[in-house]
Amino acid sequence: MIKELIGKILSGICGLSEEALQDGLNTQEEKNGRLGAILINQKTITEANLLEALSIQFGLNYKTHLPSEDLNIGFVNEIPVQFLKQYKLVPVITSDKAFIATNDPLSFQPLDDLKSLLDADDIETILASSAEILKCINLVYGMKSDSAEQVIQNMNEDDTDLIISEIEMTGDLLEDTSDAPVIKLVNLMVSQAVKERASDIHIEPSQNRLKIRYRVDGILYDKLTPPKHIQSTLISRIKIMAKMDIAEKRLPQDGRIETRIADKNIDIRVSTLPTAFGERMVLRLLDKTNVLLEVSDLGMPQGLQAQFDQIINSAYGILLVTGPTGSGKTTTLYSALSTINKPDINIITIEDPIEYQIDGISQMQVNNKIDLNFSKGLRTIVRQDPDVILVGEIRDLETAEISIQSALTGHMVFSTLHTNDAASAVTRLIDMGIEPFLVTSSVIAILAQRLVRIICPDCRESYIPDEQSLRNIGLTKKMLNDGLVHRGKGCPLCMNTGYHGRCGIFELMLLDDTMKSLILQTSDANAIKNKSIEHNSMATLRQDGAQKVLDGITTIEEIFRVTQQ
């Protein structure tokens, strides 16, 4: 009866044909299971179609979106998150309404159990998609009243005993119900860092205290000061998670943790360094659910982006991206690779580490333990018939020579160098021992970049700047719109910093015939830079930054901080 009824309702809602319905019923007879789930698997209907039909069949409300603000989370300590995730249920309680969202109106027993736990037998049941329910569960349990600060305050001397059997990782840090304070502290420290968009966690011991700092949008902020007596236990906990040797405290070590926090898959690179006051540890957080940026999302000016697109589609040559550590070089190159990634092109990379995995691209990890470095890996790659090669970094003469030979034999090579600006990359290659004629024969362009923080959209305000600040980045009051620039006041969204997110500033130096002639005569970076500005109208990093101040993207102080020599 229900099968016929749901079929009729679906035919009215989404035009489900008799043939498709019968096909679903036949599959159900063969394999059992719910008719709705079978029709979704056969791509005959969508989950939204089914929920709409079920709402009519059972007389329940169907909500496409669940509230995300003003949520009461008083139930989180009473109801295990695993129970809600298993049965796809979530209580939604706000100041003016209360209901239980479910994905399956036939899960009577779990619904009754939940109502009993909430002591609310008459609470309304509504239907919602599984994605909305999981999103709401993650949001509510991520708002738990426990914080890393509170765990630290409640710690005492006895909390440093760590039993190894307690340390097995759970799939989701939000689901870890361990009572061990150190385990709780690590879980909260990592989940709080992810919530605050931190890229790194620094655990820094000194003589009498322990300091934990987060790097957010490129700036380090003091966050926690746990008691000194938990230092070795805290470090040991993270070492075990990262499969490192907890007995070795005299040598630097590297490890890796793969975990999940709510709906984010997080890859954590762990590095230890022995110091006079104990081991210093840095955790680099990589959100693997982050979508690769398109070139258009990097913040390049329109004209420069058009030139960049033309360069990355070249048949051969070297494109170098330069800048200090953490300036977004790898992200730029990944964006370029994803732009040109097509089935008819063979792209191979050698990286340290592999930060994003891209479908259709062969990626190789440097492994110094087995003596697989950039130069050895690159020698192998050129025998794999590549069209495009990405070398994570040119660190030595041998890697530079093989990269140049690859470019000269018809390959497009992308790589990075640690130099302050585009012109200095030429000087650096020549200093390594590369002949100037080889540089001019192979390198087609050099892109220098930095990351600047973006003004927070929620607390953005206009103000009149002083002339000295404007002069610092090469602007005058006449160049401003209405004589005003922008900054952030500070609000909860940006943690009172006035900034939220980052974008790039760039300078692109093209090596055309004029520039090549100059490089054959001199390797002086200043002469090369000045000629590129004069001949190719190259905008410097500071000039691109100044334009972003005029456009209201960032602040004067931020451009001066990032581009000062």
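## Working through a predicted fold

Leaving aside neighbours within four places in sequence, V443 touches I318, L320, L429 and L511. Keep in mind that this is a predicted model. Here are some exercises to go with it.

**Exercise 1.** Work out where V443 sits and whether V443 is buried or exposed.

*Solution.* Start with the secondary structure: V443 belongs to strand β16, which covers residues 443-455. Next, take the accessibility. Buried means under 20% relative accessible area, and V443 has 1%, so V443 counts as buried. Then check the surroundings: beyond its sequence neighbours, the contacts of V443 are I318, L320, L429 and L511.

**Exercise 2.** Describe how helices α13 and α14 pack.

*Solution.* Two numbers are needed here, as packed helices are described by the angle between their axes and the distance between the axes. For α13 (residues 374-381) and α14 (residues 397-408), the angle is about 20 degrees and the axes are 8 Å apart. Angles under 35 degrees count as roughly parallel, and therefore α13 and α14 are roughly parallel to each other. As for handedness, their crossing is left-handed. The contact involves F374, S375, L378 and R379 on the α13 side, with E398, T399, I402 and S403 on the α14 side.

**Exercise 3.** Find out how many residues of helix α20 are buried, and what covers them.

*Solution.* Helix α20 runs over residues 541-550, and seven of its 10 residues are buried, which leaves the helix mostly covered. Going through them, you get L541, D544, G545, A546, K548, V549 and L550. The cover includes strand β16, the strand that also holds V443.

Now zoom in on the lysine. K548 is part of α20, and its relative accessible area is 5%, so K548 is buried. Apart from neighbours within four places in sequence, K548 contacts G299, P301, C503, G504, I505, I553 and T554. Just past the helix, G552 has a positive phi of about 80 degrees.

**Exercise 4.** Which residues other than glycine take a positive phi? Look at K88 and R197.

*Solution.* First, the background: most residues other than glycine have a negative phi. K88 has a positive phi, near 50 degrees, and R197 also has a positive one, near 65 degrees. K88 lies in the loop between α5 (81-87) and β2 (89-93), while R197 lies in the loop between α9 (181-195) and β5 (198-205). Last, the accessibility: K88 has a relative accessible area of 30% and is partly exposed; R197 has 30% and is partly exposed.

**Exercise 5.** Which rings have a charged end sitting over them, and at what distance?

*Solution.* Take the arginines one by one. The charged end of R453 sits over the ring of Y499, 4.0 Å from the ring centre. That of R487 sits over the ring of Y463, at 3.9 Å from the centre. For ring-ring pairs, a search of the whole structure turns up one aromatic pair.

**Exercise 6.** Sum up the whole protein in a few numbers.

*Solution.* Count the elements: 21 helices and 19 strands. For burial, 48% of the 565 residues count as buried. For extent, the C-alpha atoms fill a box of roughly 85 × 70 × 60 Å along the principal axes. For contacts between residues at least 6 apart in sequence, 64% join residues at least 24 apart.

Terms used. Residues are numbered from 1 along each chain as its sequence is written. This is a predicted model: local features need pLDDT of at least 70, side-chain atom pairs count only at pLDDT 80 or more; totals for chains, interfaces and linings use all residues. Side-chain values use heavy atoms; hydrogens and water are left out. Rings of Phe, Tyr and Trp (its six-membered ring) pair if their centres lie within 6.5 Å; planes under 30 degrees apart count as stacked, over 60 as edge-to-face and the rest as tilted. A charge sits over a ring if NZ of Lys or CZ of Arg is within 6 Å of the ring centre and within 35 degrees of the ring normal. Helices (H or I, at least four residues) and strands (E, at least two) are DSSP runs, numbered from the N terminus. Buried means under 20% relative accessible area, exposed over 50%, partly exposed in between (1.4 Å probe, protein chains only). Contact means heavy atoms within 4.5 Å. Axes are lines fitted to C-alpha atoms, for helices over the stretch in contact, and angles run from 0 to 180 degrees between N-to-C directions. Angles under 35 degrees count as roughly parallel, over 145 as roughly antiparallel, 65 to 115 as roughly perpendicular and the rest as oblique. A crossing is left-handed if the near helix is turned anticlockwise from the far one by less than a right angle, and right-handed if clockwise.
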